[in-house]
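We will walk through it stop by stop.

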Amino acid sequence: MAARPCKTVGYTTNSNPNDAATALNILISMPPQQADKAAQWATAMQSRLPSATVSIDNGGEITQTVDYLLTWQPRADLLSQLTHARALFTASAGVDALLHDPNLPACPVIRLRDAGMGEQMADYALYACLHYARGFDRMRAEQTRSQWTPSAGATSRKPTAGVLGLGTLGCVVAKALVAHRFPVRGWSRRQRELDGVLSFAGSEQLPDFLAACDILICLLPLTPDTHHLMNANAFAQLPSGACVVNLARGDILVEADLLAALDSGHLRGAMLDVFAEEPLPSSHPFWHHPSVTVTPHIAAETLVEPGADQIARNIERLEQGKPAIGCVDRTAGY
Ligand SMILES: NC(=O)c1ccc[n+]([C@@H]2O[C@H](COP(=O)([O-])OP(=O)(O)OC[C@H]3O[C@@H](n4cnc5c(N)ncnc54)[C@H](OP(=O)(O)O)[C@@H]3O)[C@@H](O)[C@H]2O)c1
């Protein structure tokens, strides 16, 4: 393998013939600007699977069998070289970019489930809901005019939060909002049961779901079915004065339609962490729009330690002939 053995943790092989991970080659491939992160993953994986050979991709030709790849944004010519990979692990929850790679091997693709991201997502979503529920957006606008308006329009009714996507992260977010006494509704492909959450499923129930979402929070995966799902038609179905929070992927939302809905006054505000183009170009109208808050794709970062726990456990399961947990359904796209 034309890859750098993980020097920080040593390079060991066959030290324990009874270890399920004996002689396994695990390659870690991240973009060059993520070299520190790759090293952290290598250390974490090596400590969990001491008999495996954990290497960091150095951008060269792969000359040795790779049993497992752990990657985020693999380089363009990598996947076509992994003809014998037993599984690909993503260091992320989303797999949209990987699934579009024409050289993706036929082996299972396994994503992270939560890995520390749920709590961060819940914090972001809660911040957004409180921001709008307490009228901080309006007070911020008033501050720019040196305007003192003591009544923030407090009512006993909290706005209804609607979570698009009740998967791993959507469930954590929905539960956190319920715990903070927001009325919560959720939408997924299949019907989900979640305490305190009014559940809707499938495209036929989307209009009913949207009709009462004062704050719409997107935690859907980007798939052919969800691409541009948040469009003019969906925004028109939200109550007047609703807010939109996109924490998932930029291409789920039609940015021009969102701007039009904000500028018409139908929507009150948007808090956006993800964009069609990232980094968000400096000329993009979102940067200076008074009703838009921009954050640079930081809603939830994968935490290496819980992520490595999951991946090591999955490698052990696969080596024992058991199915991995978190396998991506390539047909559904997530
Ligand atoms: N901004 C960030 O920093 C950041 C960080 C991490 C993740 N993310 C994004 O968050 C997304 C969600 O992550 P996750 O781990 O929660 O994913 P997940 O566990 O796969 O959950 C996806 C949810 O979306 C629902 N869904 C998928 N397609 C649908 C459709 N066509 N119609 C209705 N519902 C649909 C699923 O329905 P079922 O329950 O019926 O399957 C499921 O409830 C990721 O894909 C990623 O893009 C962003």
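Begin by colouring two selections: the chain is assigned domain 1 (5-115 + 302-325) and domain 2 (117-294), with bounds taken from an automatic or database domain assignment. Before going further, note that this is a predicted model, where local features need pLDDT of at least 70, side-chain atom pairs count only at pLDDT 80 or more, and totals for chains, interfaces and linings use all residues. Residue numbers start from 1 along each chain as its sequence is written.

**Between the domains.** Taken over C-alpha atoms, the centres of domain 1 and domain 2 are 34 Å apart. Seven residues of domain 1 are in contact with eight of domain 2; contact requires C-beta atoms, placed from the backbone, within 7 Å. On the domain 1 side, the touching residues are two nonpolar, two polar and three charged. Here Ala, Val, Leu, Ile, Met, Phe, Trp, Tyr, Cys and Pro count as nonpolar, Asp, Glu, Lys and Arg as charged, and the others, Gly among them, as polar.

**The seven-stranded sheet.** Next, show the open sheet with the order β9-β8-β7-β10-β11-β12-β13 and parallel pairing. Strands (E, at least two residues) and helices (H or I, at least four) are DSSP runs, numbered from the N terminus, and two strands pair if DSSP finds at least two bridges between them. β9 (197-201) and β13 (292-294) stand at the edges with a single partner strand each, so one side of each has no neighbour in the sheet. Zoom in on β12 (residues 267-272), which three bridges join to β13; Ala270 has Val292 as its bridge partner there.

Now select α3 (residues 117-133), which lies across β7 (161-164), β10 (215-218), β11 (242-246) and β12, at about 165° to β10. Such angles run from 0 to 180 degrees between N-to-C directions of axes fitted to C-alpha atoms, for helices over the stretch in contact.

Which members of the largest nonpolar core touch the most others? Among its 96 residues, they are Met121, Ala125, Val173 and Ile217. A nonpolar core is a set of buried Ala, Val, Leu, Ile, Met, Phe, Trp, Tyr and Cys residues joined through C-beta atoms within 7 Å. The largest share, nine residues, comes from α3.

**Last stop: Tyr68.** Select Tyr68 in strand β4 (residues 68-71). Tyr68 counts as buried because it has 27 C-beta neighbours inside 10 Å; the cut-off is 20 or more other C-beta atoms, placed from the backbone, within 10 Å. Leu24 is 44 residues away in sequence, yet 7.9 Å from Tyr68, C-alpha to C-alpha.

Notes: Contact = placed C-beta atoms within 7 Å. Buried ≥ 20, exposed ≤ 12 C-beta atoms within 10 Å, placed from the backbone.
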